[in-house]
Amino acid sequence: MAETTKSTYQGQMHLLQKEMMGRYFERVTRAAEQGDGKAVYMLISGNPVELVQAFDLVPVYPEIDALQLAVKKAALPFILKAEEIGYSMDNCAYVKADVGLFLGDRKTPFATIPLPSLILCNYVGCNVYLQWFEHLAEYCDGEIYNLDIPFLREPSGKPSKADIEYVVKQLEEVIVAMERLTGKDLDWAKLKRIVALSGETGELWAKVKSLTKHAPTPFDAYFDSVTMMAPLYCLRGTEDGLKFFQTALKEMEEKVQMGQGPLPEERFRFVIEGPPPWPYLRTFRDLFSKWGAVAVASTYSTVGGLWEFGFKHDPNRPLESIAEHMLEWNVTNRNFLQRYAQIRRYIEEWNADALIIHSVKSCRLFSAGQGDMREYFTKDLNVPTLLIESDIEDPRYFSEAQIKNRIDAFFESLEHKKIVREAHAAAGGAA
Amino acid sequence: MKIENTIADYREALEEAPLERVAQWKASHPDKKIVGCYPVYSPVELIHAAGMLPVGILGGGNRLEIAHADSRFQSFVCSIVKSTLELAMTDRIGFLDGIVFHSICDPARNLGSVYKRNFPKLMVEYIHFPQNMTSPHTVNYLTAEYRRLLESYTQLSGAKADDESLRRSIRIYNEQRRLLRELYALRAAQPQNLSTVETYVLTRTATLMPPEEHIAILTEALAALRLRDEKPKDRIRVVLEGSFCEQPPLELIEGLEAAGCYILDDDFLTGWRFFTEDIPVDGDPVRSLAESYIKRSVYSGVKHDTRERKSQHLLDRVKETGAAAVVILAAKFCEPALFDYALYRQALEKAGIPHLYLEFEEKMWIFDKSRTEVETFVESMLFD
């Protein structure tokens with residue numbers, strides 16, 4: 001039985017993230033409380049934040065607000081409020097927490113959330129996005145634009161020419177809406193600079209992520225990646241965002257050189273699929289740490305973009321490039337089998353021992369059908385796979401004892417196999 | 001045959017094993033190919049024009065045991081996703097050459113991928129319907145999407161589909177939809193003469209046979225139904241909403257009416273009666289089909305049309321039909337229907353329109369509880 005190990009690492013990257021996100025939430029609060037800046041609501045998955053930045057509008061992400069509420073264990077009262085007015089137990093709890101917040105005074109422990117000047121529903125894979133923003137638009141009688149992103153459905157796994165053209169035309173319409181909102185024309189040179197910043201930021205992020213191929217991995221590609229995802233989404237296209245990833249890359253490269261990882265000993269490397277249980281993130285992490293198990297890759301960290309497989313925003317084709325990012329280069333707009341392929345690639349190239357599937361009830365985009373995914377990895381590929389269930393937002397769905405039992409049983413079995421394998425290797429070596 | 005007997009026959013077939021009829025058709029037409037359409041809406045004309053038979057694959061009803069599919073889709077996923085997988089895993093839809101899924105919700109979309117992996121011999125198509133109904137460019141996108149689909153269908157059938165054959169298919173389905181609109185109008189005007197179960201059976205048969213055959217049945221049925229002259233009963237008049245994908249058991253629908261409702265309008269099988277008027281056949285028929293999705297389709301829980309607020313649609317429908325109340329009949333775990341309900345409930349309460357919320361599953365077979373709930377609701381309205 002492995003002894004209990006907890007990761008305690010808090011590096012420069014974490015401090016910088018705290019500081020920068022603090023500044024972001026101050027800006028959001030200023031827009032809400034002093035009318036300093038107009039808010040554009042958007043979703044995380046492959047969004048055109050570059051346009052929002054080019055007009056100096058304030059990007060507001062209801063998903064991040066819901067996530068922060070969950071992490072701060074403040075979500076449940078908002079969820080219950082939404083359920084009181086008609087939302088079902090079976091509806092996505094991100095939406096419920098946000099609706100509960102939206103219909104109140106929009107004050108949270110981290111920021112006051114402004115009303116939207118534009119509800120920009122970037123429909124990138126998740127069908128619940130459409131419902132979510134449709135509801136917000138009804139509640140505040142606000143302007144809504146559905147930016148429709150065709151799902152990847154062709155055998156090539158690529159968007160068609162017609163898909164790209166459709167998205168570019170819509171981005172042009174979004175520009176017109178933002179020009180109307182701000183009373184100024186789009187500064188194309190500025191947009192190109194911002195797109196270039198996004199390109200560099202994405203490239204740095206991809207470099208950071210490739211470092212987890214090392215053993216030991218310098219950071220946990222699930223639990224530490226989420227620290228880096230906030231600046232990637234809220235600050236992409238800004239100098240701050242770029243600076244953050246320069247710092248993160250430098251710090252992680254140093255850790256690789258020193259052979260340092262997040263745990264005293266790396267015993268198992270796993271790939272993890274699905275969003276984390278935000279209300280119990282620390283508890284959840286420790287259940288793996290005690291086995292010396294660390295995530296080397298995660299699908300969740302590619303929700304907002306899949307830069308690690310070669311995408312880079314191109315400032316010379318700003319709108320096409322934003323369109324390609326939204327259509328093709330994020331996990332949520334890729335079909336389920338493309339996700340199988342992505343995970344397979346992680347297992348092979350990042351040299352993982354196992355796959356953990358965290359099935360969350362709220363997010364059916366991720367979860368619906370993960371039983372088939374488990375079937376594929378265990379039966380077809382012979383990869384040890386564990387499927388556990390809880391939720392991304394709703395604290396009522398996290399059963400610690402049950403999850404602990406499943407994780408312990410799984411790693412006990414892996415541990416046993418490892419010992420047998422090592423014994424075989426030693427015997428073979430002797431002979 | 002009397003219309004009552006015809007309906008009873010089809011009802012029995014629907015309750016026992018609806019797809020048996022399609023299997024029989026395939027046996028007597030071994031050279032013809034069949035493409036199954038998952039809910040909600042599919043442009044069946046494209047399949048028909050390619051020389052194949054489009055049929056509805058609308059779940060497993062309440063006689064199918066789910067023994068395999070529940071290991072692939074979790075407990076919180078709706079029944080129709082699992083039953084549709086179970087149908088294929090237990091080799092009950094071997095007559096299909098292809099199946100098409102649509103961008104209606106996340107589980108249905110993932111189901112398409114699971115089908116693709118598990119049944120590689122089947123052609124699995126996926127249509128991304130546009131959710132931007134305001135951009136002038138949307139019609140170009142959907143036209144391109146339909147052309148891609150037509151190409152895929154003709155590859156499967158080996159037949160050619162020119163503009164003329166597509167126009168012919170559109171005309172046929174226009175006629176079918178026109179008759180279905182008449183059927184619905186008849187029930188809305190005189191619900192005592194035409195029950196919702198009858199309306200449902202006559203509509204659902206459209207999903208199981210060539211449209212020409214269904215048109216003949218429907219024409220005969222309409223003629224007979226127009227002769228009926230029943231006295232209205234003391235029932236409340238309602239609009240029913242929420243069952244646009246998974247289908248409730250017929251006994252449940254029957255129970256709703258028997259408990260004291262006249263259903264003036266509903267969204268059962270809404271994808272098979274998707275247009276408010278004929279699709280024009282002049283000009284480019286592919287474009288016309290695409291344009292009609294944007295300009296002439298009914299509202300639906302899975303179409304997010306920002307040109308109007310969704311809850312306003314429901315309030316308008318209540319007003320137009322003269323209904324006194326709304327019944328929301330939502331499939332368990334159906335995220336689109338459950339979300340819509342939150343909006344509807346607030347709007348209905350604000351407008352002072354009474355409503356009853358019921359959840360169902362296709363596989364349910366005990367109806368006492370729902371029936372009691374409806375009776376209580378009806379009594380509260382009749383004796384208030």
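# A walk through chains A and B

Start with both chains on screen: 41 residues of chain B are in contact with 42 residues of chain A (contact means that the C-beta atoms of two residues, placed from the backbone, lie within 7 Å). What you are looking at is a predicted model, in which local features need pLDDT of at least 70, side-chain atom pairs count only at pLDDT 80 or more, and totals for chains, interfaces and linings use all residues. To find your way, number residues from 1 along each chain as its sequence is written, and letter chains from A and number ligands from 1 in the order in which they are written.

**Stop 1: where the chains meet**

Select α5 (106-118), α6 (138-157), α12 and α13 of chain B; these are the elements that give two or more residues to the side touching chain A. Helices (H or I, at least four residues) and strands (E, at least two) are DSSP runs, numbered from the N terminus. Colour that side of chain B by class and you get 18 nonpolar, 14 polar and nine charged residues. Here Ala, Val, Leu, Ile, Met, Phe, Trp, Tyr, Cys and Pro count as nonpolar, Asp, Glu, Lys and Arg as charged, and the others, Gly among them, as polar.

**Stop 2: two helices of chain B**

Stay with chain B and pick out α12 (residues 310-321) and α13 (residues 335-351). They pack at an angle of about 55°, with their axes 9 Å apart. Axes are lines fitted to C-alpha atoms, for helices over the stretch in contact, and angles run from 0 to 180 degrees between N-to-C directions. That angle makes α12(B) oblique to α13(B); angles under 35 degrees count as roughly parallel, over 145 as roughly antiparallel, 65 to 115 as roughly perpendicular and the rest as oblique. Now show side chains: B:Lys310, B:Ser311, B:Leu314 and B:Leu315 of α12(B) meet B:Asp340, B:Leu343, B:Tyr344, B:Ala347 and B:Ala351 of α13(B). By class, this contact has six nonpolar, one polar and two charged residues.

**Stop 3: a sheet in chain B**

Next, bring up the strands in the order β2-β1-β3-β4 of chain B, four of them in an open sheet with parallel pairing (two strands pair if DSSP finds at least two bridges between them). Which strands stand at the edges? They are β2 (53-56) and β4 (123-127) of chain B, each with a single partner strand, so one side of each has no neighbour in the sheet. On average, neighbouring strands here are turned by 25° against each other, direction ignored.

Zoom in on β1 (residues 34-37) and β3 (residues 98-102) of chain B, which pair in the parallel sense over three bridges. B:Gly36 sits opposite B:Ile99 in β3(B).

**Stop 4: another strand pair in chain B**

Select β5 (residues 236-241) of chain B. Five of its six residues are buried, so this strand is largely enclosed by the rest of the structure. A residue is buried if 20 or more other C-beta atoms lie within 10 Å of its own, exposed if 12 or fewer, and partly exposed in between; C-beta atoms are placed from the backbone. β5(B) pairs with β6(B) in the parallel sense over four bridges, and the bridge partner of B:Val239 in β6(B) is B:Asp265.

Follow the loop between β6 (261-265) and α11 (285-295) of chain B to B:Asp278. With 16 C-beta neighbours inside 10 Å, B:Asp278 counts as partly exposed. Leaving out residues up to four places away in sequence, B:Asp278 touches B:Asn174 and B:Arg178.

**Stop 5: over to chain A**

Pick A:Ile119 in strand β3 (residues 116-123) of chain A. Buried or exposed? A:Ile119 counts as buried, because 24 C-beta neighbours lie inside 10 Å. Its C-alpha atom and that of A:Glu143 are 24 residues apart along the chain but separated by 6.0 Å.

Now try α4 (residues 76-84) and α5 (residues 93-102) of chain A, which pack at an angle of about 90° with axes 7 Å apart. That makes α4(A) roughly perpendicular to α5(A).

Finish at α15 (residues 370-380) of chain A, where A:Gln370, A:Asp372, A:Met373, A:Arg374 and A:Phe377 are buried. The cover over these residues includes α5 of chain B.
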